[in-house]
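User: I have a model open here and would like to talk through it. Could we start with how its strands are put together?
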Amino acid sequence: MDPAGVFAMQPGWRIIAPSSAAEYIGLMNTALTLNDPVLVLEHVDLYQEQEEVPSHCDYYLPLGRARLAQEGNEATVISYLSMVRKTEKAIEELGMNVDLIDLRWLDRASIDWETIGLSIKKTNNVIIVEQGARGTGYGAWLSDEIQRRFFDYLDQPVQRVTGKEASPSISKVLESAAIAGVADVVEGLRDLRTNKGGK
Amino acid sequence: MAQLMRMPALLADATQAILSKWLVQEGESFTTGQPIAEVETEKAIVEVPAENDGVLGKYLVAEGKTAQVGLPIAALLAVGEETSAIDKLLAGEKSTPLNAQSIKTEVSPIIPTEDKSEVSISADLTVTAAPIGRIFVSPIARKLARELGINLSQVVGSGPDGRIVKADIYSAQQTQSLPIQSTQNVHIRVETPDIVPHSRMRKAIARRLTESKQTVPHFYLSAPLIADEFLNLRKQLNEWSKTKVSVTDLILKTVAAAYADVPRANCIWGDEALEFESACNCFQRFIFSSSRIKTQAR
């Protein structure tokens, strides 16, 4: 399961969600300099990845700053952790031209509203991509907050890609149903594009 | 038993008649064969006799009013029957389509049926003028429309379930800033023409004239017309005109100018009335019926 949604309900700690090894180093270094408790989310799927990291590891990613992984005008796609890479694949598959925001900092106190806001005011269409179930999902509070802050800039309801309604128990079938994959993201992006109307 | 008295078909193909006079008062009794009402057709005034003995319960058509053949004109009661039977009878009649037809006939506006394009425009107008329910607009589209001064009731939504989205506002911005052809048509149509209903005599004349045209052999005379000046004028116009001016165009222009001088001639024969048009309408009218003009121009 994806615990980000449950952890983010509780104030009092910062939450980082690195999407790659290089990100992990930069965020961890910053977390260690803070006096606040910091919850670090690591995704087991990312353990298998092999990737290049900078040769010296003493760099710091700024507190409360998201990463704009891709820039475009069609939509604002928000994700974190392992889903960033899957989202990139889905965007590539559809050949879409979107802003992809890798959140990095997930808690209410540290989330980067500046980056999110600038992008929403530009694209007017938002989709949140996460792996876990909808009910406990991180996107629940985020979409709620987005429609409060940016209502007048929205062209459609805040869309969400989540895992389906299944319990990820010992069954392989149930597990793959419970977590969202690239195909789910593609479907979500297609719906978002349809809702934009025009043509 | 209570029953309805219906407008009789006194002429072979008459569709309606005027109820000129009631000969039996409401509440009065009558005997079989006694005239109940006088009905006026195109040709004569005819008395309508009673088929049975009875009491006249209620008039459904007032004196001097026109009624379609077959529609109820009065409620009749059997001798000794209570008046409450009338209400029961009428309640039953209301649900039948016949009554609905009578309402429709009275309300329907007079539209010349020969002119199909005109009819479709007035139909469009009705659609636009009809009260529209809530318009669904995305927040950003609403905001943009307000900023750009776009009337949302004129925008067609392309989002889910017809929601107006940002893309629609931008496309509407392009069309609404241009003068729209259809809006002009509607504008012209809004000026309601003077309507003079046909008298029964005029209707009879029209029908007879049509019949004679259809059934009596005709012969035609033609005469050559020297129109050199006219054709020269056309040649001169075409020397500098960007679009080609045809003979038909010139005849149109001439006729339109003549109508401005003699407005009484600028009218259209409708099924129910003569429609007198305002000067600007005659152009449009001629464009719509241009096939007829072309035949005359040849």
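Analyst: A definition first: two strands count as paired if DSSP finds at least two bridges between them. This is a predicted model, and on that criterion strand β4 (residues 76–79) of chain A and β6(A) run parallel, joined by three bridges. Within that pairing, V77(A) stands opposite I127(A) in β6(A).

User: And which strand does β6(A) pair with over four bridges?
Analyst: That is strand β7 (residues 159–163) of chain A, again in the parallel sense, with V129(A) standing opposite V161(A) in β7(A). Between β6(A) and β7(A) the chain crosses through helix α6 (residues 139–150) of chain A, and this β-α-β crossover is right-handed.

User: Is β6(A) buried or exposed?
Analyst: Seven of the eight residues in β6(A), which spans residues 126–133, are buried, so the strand is largely enclosed by the rest of the structure.

User: Stepping back, how many helices and strands does chain A have, and how much of it is buried?
Analyst: Chain A has eight helices and seven strands, and buried residues account for 50% of its 199 residues. Among the contacts in chain A with a separation of 6 or more, 75% are between residues 24 or more positions apart.

User: What about the surface, say the patch with M9(A)?
Analyst: Chain A exposes about 9,900 Å², of which carbon and sulfur atoms supply 53%. The nonpolar patch you mention is formed by M1(A), V6(A) and M9(A), which together have about 380 Å² of accessible area. M9(A) itself sits in the loop between α1 (4–8) and β1 (14–16) of chain A, and its relative accessibility is 68%, so it counts as exposed, the cut-off being over 50%.

User: Changing topic, how many salt bridges are there over all chains?
Analyst: A search of the whole structure finds 16. One of them is between the side chains of R14(A) and D36(A), at 2.7 Å from N to O. R14(A) belongs to strand β1 of chain A and D36(A) to the loop between α2 (21–33) and β2 (38–40) of chain A, so the pair ties together parts that are 22 residues apart in sequence.

User: How accessible are R14(A) and D36(A)?
Analyst: R14(A) is buried, with a relative accessible area of 19%, whereas D36(A) is partly exposed at 33%.

User: What does R85(A) meet in a salt bridge?
Analyst: The side chain of R85(A) meets that of E51(A), at 3.1 Å from N to O. This pair links distant parts of the chain, 34 residues apart, with R85(A) in helix α4 (residues 83–94) of chain A and E51(A) in the loop between α3 (44–47) and β3 (67–70) of chain A. R85(A) is partly exposed at 25% relative accessibility, and E51(A) is partly exposed at 31%.

User: And in chain B, which residue does E211(B) bridge to?
Analyst: E211(B) forms a salt bridge with R207(B), and their closest N and O atoms are 3.9 Å apart. The two are four residues apart in helix α7 (residues 200–215) of chain B, so about one helical turn separates them. E211(B) is partly exposed, with a relative accessible area of 31%, and R207(B) is partly exposed at 32%.

User: Which residues do shared partners join into one network?
Analyst: That network consists of E23(A), R67(A), D102(A) and R104(A), joined by salt bridges that share partners.

Technical notes: Residues are numbered from 1 along each chain as its sequence is written. Chains are lettered from A and ligands numbered from 1 in the order in which they are written. This is a predicted model: local features need pLDDT of at least 70, side-chain atom pairs count only at pLDDT 80 or more; totals for chains, interfaces and linings use all residues. Side-chain values use heavy atoms; hydrogens and water are left out. Buried means under 20% relative accessible area, exposed over 50%, partly exposed in between (1.4 Å probe, protein chains only). A crossover is right-handed if, with the strands pointing away from the viewer, the path from the first strand over the helix to the second runs clockwise. Contact means heavy atoms within 4.5 Å. Accessible areas come from the Shrake-Rupley method with a 1.4 Å probe; for residues, only the protein chains shown count as cover. Patches are made of residues with over 30% relative accessible area and no salt bridge: like charges are joined within 9 Å, nonpolar side chains (Val, Leu, Ile, Met, Phe, Trp, Tyr) within 5 Å. A salt bridge is a side-chain nitrogen of Lys or Arg within 4 Å of a carboxyl oxygen of Asp or Glu.
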